[in-house]
Amino acid sequence: MNTLTIIITIATYFLLLFSVSYLAGRKADNAGFFVGNRKSKWWVVAVATMGSFISGVTFVSVPGMVAEKGFSYLQMVMGFVVGQFVIAFILIPLFYRMNLVSVYQYLEDRFGLKSYKTGAWFFFISKMLGASVRLFLVCLTLQLLVFDPLGLPFLLNVVLTVFLVWLYTFRGGVKSIIWTDVLKSLCLVLSVGLCIYYVSGQLDLGFNGMLKAIDDSSMSQVFFFDDVNDKRYFFKQFLAGVFTMIATTGLDQDMMQRNLSCRNYKDSQKNMMVSIVCQFFINLLFLMLGVLLYLFAAKVGIEAKGDGLFPTVATSSHLPVVVGVLFIVGLFSSAYSAAGSALTALTTSFTLDILGNSQAHKQQDEGTLAATRKRVHVGMALLMAAVIFVFGLLNNASVIDAVYILASYTYGPILGLFAFGILCKTKVHDRFIPLVAVASPVLCFILAQNSEAWFNGYKFSYELLIFNALFTMTGMWLIRKKK
C-alpha cells in the first residue's frame with residue numbers, strides 16, 4: 001500500500017468527518033457544546049457510544065495481544081458489562097435528578113468545594129494522559145505510513161493530528177461528537193468485519209472453517225483460573241473490568257457527557273444497555289481478527305507481533321489494497337473520534353469545574369462563557385500536543401497496558417470519592433480531601449512495587465484500581481466529622 005493511497009484515504013475520511021461535524025454543530029450554543037441541549041435520541045447515543053468504547057488503542061492493541069494473552073481480555077469485557085449495569089441503574093438516575101452538566105458537581109454538593117476541585121483535577125490529569133496515549137499510537141502509525149516516507153518530522157505529525165481534532169470539535173462540542181461517533185461506529189464495525197472476511201479468504205477459510213481455526217488455536221483461550229499470580233487470572237480481570245467501567249465511564253466526564261445528553265434517565269439507560277451488548281461482540285470480533293492475523297502472518301512469513309501486527313499485515317503486499325484502506329479508515333475513525341470527545345470533555349470540565357464552580361456557569365452570560373470555553377479549547381489542544389510529543393520522546397509503544405495502568409492510579413481517588421459519597425451518609429472535613437486523594441495513589445505505587453516480596457510472589461494488575469479506591473475511602477473515614 002503506497003503513501004499516496006493512504007493520504008487519499010485519510011483525506012476522504014476527514015472530508016466526510018468535517019461534513020458531519022459541521023451539519024451537527026453549526027447552530028450549537030454553550031448548552032449544545034456541553035450536553036447537546038439534552039435532546040439526543042437514545043438510539044443515536046447508543047450507536048455513538050457503541051463505538052466510543054473502542055479507541056485507536058483497542059483497534060491496534062487488542063488483535064496484537066492474543067499471542068501473549070489469548071482471549072483473556074474478554075474476561076475484562078465481561079466485567080465491563082456488569083459495571084455498565086451499575087452505572088445505568090445507580091449513577092444515571094442520580095445525575096439526572098441533580099440536573100448535572102459536569103458529574104463532579106456531585107462532589108461539591110456532597111462534601112464541599114475542595115472535593116469538587118479534587119475530582120475535577122484527577123479527571124483532568126487522567127483524561128489528558130489517557131487521550132494523549134491513545135492519540136500517540138495513531139501518530140506512530142501515521143509516522144510509519146506517511147510522514148517517514150515523506151521525510152517529515154514527528155513534531156509536525158503531532159501538530160497536524162491535534163489541529164484536525166480541534167478543528168472538528170471547536171464549534172459543536174457534544175452535539176457534533178455524538179454524530180461523528182455514529183459515523184465512527186459504522187466505519188469501525190464495517191472495517192473489522194471486512195478485514196476478517198478478506199484475511200479469512202486469503203487463508204482459504206470459509207465461515208465454518210474460520211471459526212474452527214480460531215477455536216483450535218491456543219490463542220483463543222478465554223478463561224484463566226489456574227494461577228492467581230498470572231495477570232490473566234479470571235477474578236483479577238473480571239473485577240478490574242467492573243470497577244474500571246464504573247470509574248472510566250460512570251465517573252468520567254467524557255463518557256457521561258453523551259449519556260447526559262439524552263432527554264431523560266430512562267432513555268439514557270436504554271442507550272447504555274444496547275451499547276454495552278454491542279461492545280462485547282465488537283471486542284470479540286477484534287480478538288478473532290487477531291488470531292487470523294497471526295495465522296496469516298505465519299503463513300506468508302511476516303514477522304510482526306503486538307501493536308505492530310495489524311498495521312504491518314494490513315498494509316503489506318500480501319493482502320488486497322482494500323484491507324489497508326479498511327485498516328486506515330477503522331484506525332482513524334476510532335482514534336480521532338475518541339480524541340475529539342476527550343478534548344470536548346476536558347474543555348467542559350476545565351471551564352466549569354476548575355475555572356469556575358457548579359454555579360458559576362449559570363451566572364455568566366452566554367457570550368462570556370462561550371469566549372472562555374473557546375480559549376480553554378485551544379489551550380487543551382496545545383497541551384495534548386505537548387504530552388503526545390513527550391510520549392514520542394519516551395518512545396514506548398506498549399499502549400494498552402499503559403492506558404489501564406494510568407487509569408488504576410488516576411481514577412482510583414475519583415471512584416473512592418463517589419463510592420464513599422453514595423454508600424455512606426457521613427460528612428467529612430472537606431479541606432483534607434486533596435491530601436487523601438494524593439496519598440492513595442502513592443500507597444498503591446508502594447504496594448505494587450513490593451507486592452511480590454510481601455505476598456508470596458503475587459503481582460498486582462489492573463485490580464490496583466480497587467485498592468486505590470479503598471485507600472481513598474479509608475482516608476475519608478479517618479477524616480469524617482464526629483457527630
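Q: How many disulfides does the count come to in this predicted model?
A: The model is a predicted one, and a disulfide is taken here as a pair of cysteine sulfur atoms within 2.5 Å. By this rule the count of disulfides comes to zero.

Q: Is Cys139 buried or exposed, and what is its relative accessible area?
A: A residue counts as buried when its relative accessible area is under 20%. Cys139 falls in that class and is therefore called buried, with a relative accessible area of 0%.

Q: How many helices and how many strands does the protein have?
A: Buried residues make up 59% of the 483 residues in the protein. Among contacts with a separation of 6 or more, 85% are accounted for by residues 24 or more positions apart. As for secondary structure, the protein has zero strands, and its helices number 22.

Q: How are helices H6 and H14 oriented to each other?
A: Helix H6 spans residues 73-97 and helix H14 spans residues 265-300, and their axes come within 10 Å and cross at roughly 170°. Angles over 145 degrees count as roughly antiparallel. The two helices, H6 and H14, are therefore roughly antiparallel.

Q: Which residues of H11 and H14 make the contact, and what are they by class?
A: From H11 the contact is made by Met210, Leu211, Ala213 and Ile214, and from H14 by Met288, Val291, Leu292 and Leu295. By class, the contact of H11 with H14 has no polar and no charged residues, and its nonpolar residues number eight.

Q: Which residues is Met210 in contact with, leaving aside its neighbours within four places in sequence?
A: Met210 is found in helix H11, which covers residues 207-216, and with a relative accessible area of 6% this methionine is buried. The C-alpha atom of Met210 is separated by 9.4 Å from that of Tyr197, a residue 13 residues apart along the chain. Leaving aside neighbours within four places in sequence, the residues in contact with Met210 are Ile196, Ser200, Leu205, Met288 and Leu292.

Q: How far does the backbone oxygen of Ala240 lie from a polar atom of the side chain of Thr244?
A: Thr244 has its place in helix H12, residues 234-250. At 4% relative accessibility, this threonine counts as buried. From a polar atom of the Thr244 side chain, the backbone oxygen of Ala240 lies at 2.5 Å.

Q: Which residues does Ala381 touch, not counting residues up to four places away in sequence?
A: Ala381 is found in helix H18, residues 366-394, and is buried, with a relative accessible area of 7%. Met128 is 253 residues apart from Ala381 in sequence and 9.9 Å apart in space, C-alpha to C-alpha. Not counting residues up to four places away in sequence, Ala381 touches Val162, Trp166 and Leu343.

Q: What is the phi value of Asp204 near?
A: Most residues other than glycine have a negative phi. Asp204 is found in the loop between helix H10 and H11, and at 66% relative accessibility this residue counts as exposed. Asp204 has a positive phi, near 60°.

Q: Where does Asn456 lie?
A: Phi of Asn456 is positive, near 55°, in a residue other than glycine. At 75% relative accessibility, Asn456 counts as exposed. Asn456 lies in the loop between helix H21 (433-454) and helix H22 (464-478).

Note on methods. Residues are numbered from 1 along each chain as its sequence is written. This is a predicted model: local features need pLDDT of at least 70, side-chain atom pairs count only at pLDDT 80 or more; totals for chains, interfaces and linings use all residues. Side-chain values use heavy atoms; hydrogens and water are left out. Buried means under 20% relative accessible area, exposed over 50%, partly exposed in between (1.4 Å probe, protein chains only). Axes are lines fitted to C-alpha atoms, for helices over the stretch in contact, and angles run from 0 to 180 degrees between N-to-C directions. Helices (H or I, at least four residues) and strands (E, at least two) are DSSP runs, numbered from the N terminus. Angles under 35 degrees count as roughly parallel, over 145 as roughly antiparallel, 65 to 115 as roughly perpendicular and the rest as oblique. Contact means heavy atoms within 4.5 Å. A polar contact is a pair of N or O atoms within 3.5 Å; within protein, one must be able to donate a hydrogen and the other to accept it, and residues adjacent in sequence count only if both atoms are side-chain atoms. Ala, Val, Leu, Ile, Met, Phe, Trp, Tyr, Cys and Pro count as nonpolar, Asp, Glu, Lys and Arg as charged, and the others, Gly among them, as polar.
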